[in-house]
Amino acid sequence: KINVKCTCCNWTGDFSDFSTVHNGKCDSVPIPCSLCGTLIPTRTQAGEHRDVCPANKKRCLYCQSKVQMSDMEAHLTNECEDAVKCELCGKFQLKDTIQDHKNAIFGWCEGVSADNIPSSSQKCAICERTA
């Protein structure tokens, strides 16, 4: 048995345990980002880095632009011309299908629009039912 100490944390133990178990789990070992290669100081920080990594881009579901994940909400709100935020549920939808989406939420009234959305205590301006 060869006793070793991790240079990144306080772990001590047998060399075989270090190489097969500890080194792969030690939070204090710097690891490269799998997307951009930047050396991240700890495994915990690697998860945080992934959210803002310039190489972590996904396609917008609405306009198909590649957008950094940390910027997706701003992209959908300010840049994407194909998406609109539903004022009933807060989710983004295709502009072309937003009315169908609202009608699905208020299935009892096809006349719901941005101008006459009933709150839970109001009657619908079209059919006079409550939500």
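This is a predicted model: local features need pLDDT of at least 70, side-chain atom pairs count only at pLDDT 80 or more; totals for chains, interfaces and linings use all residues.

Residues are numbered from 1 along each chain as its sequence is written, and side-chain values use heavy atoms, with hydrogens and water left out.

**Exercise 1.** Determine how many disulfides the whole structure holds, and explain the result for Cys 33.

*Solution.* Begin with the criterion, which asks for a pair of cysteine sulfur atoms within 2.5 Å. Applied to the whole structure, the search returns zero disulfides. For Cys 33, the closest cysteine sulfur belongs to Cys 36 and is 3.7 Å away, which is too far for a bond. Cys 63 is likewise in no disulfide, its nearest cysteine sulfur being that of Cys 60 at 3.7 Å.

**Exercise 2.** Classify Cys 33, Cys 63 and His 49 by accessibility, then list the contacts of His 49.

*Solution.* Relative accessible area under 20% means buried, over 50% exposed, and in between partly exposed (1.4 Å probe, protein chains only). Cys 33 is therefore buried at 10%, Cys 63 is partly exposed at 23%, and His 49 is buried at 16%. His 49 belongs to helix α2 (residues 43–52), where helices are DSSP runs of H or I with at least four residues and strands are runs of E with at least two, numbered from the N terminus. Counting contacts as heavy atoms within 4.5 Å, and setting aside residues up to four places away in sequence, His 49 touches Cys 33, Cys 36, Thr 38 and Ile 40.

**Exercise 3.** Identify the residues of the largest nonpolar core, and find which residues of helix α3 are buried.

*Solution.* A nonpolar core joins buried Ala, Val, Leu, Ile, Met, Phe, Trp, Tyr and Cys residues through side-chain atoms within 4.5 Å. The largest has eight residues: Cys 60, Tyr 62, Val 67, Met 72, Leu 76, Cys 80, Ala 83 and Phe 92. Apart from it lies another core of five residues, including Ile 31 and Cys 33. In α3 (residues 72–79), the buried residues are Met 72, His 75 and Leu 76. They lie on the same side of α3 because their arc around the axis is only 95 degrees, taken from the directions from the helix axis to the C-beta atoms. These buried residues of α3 pack against β5 (57–59), β6 (66–68), β7 (83–85) and β8 (92–94).
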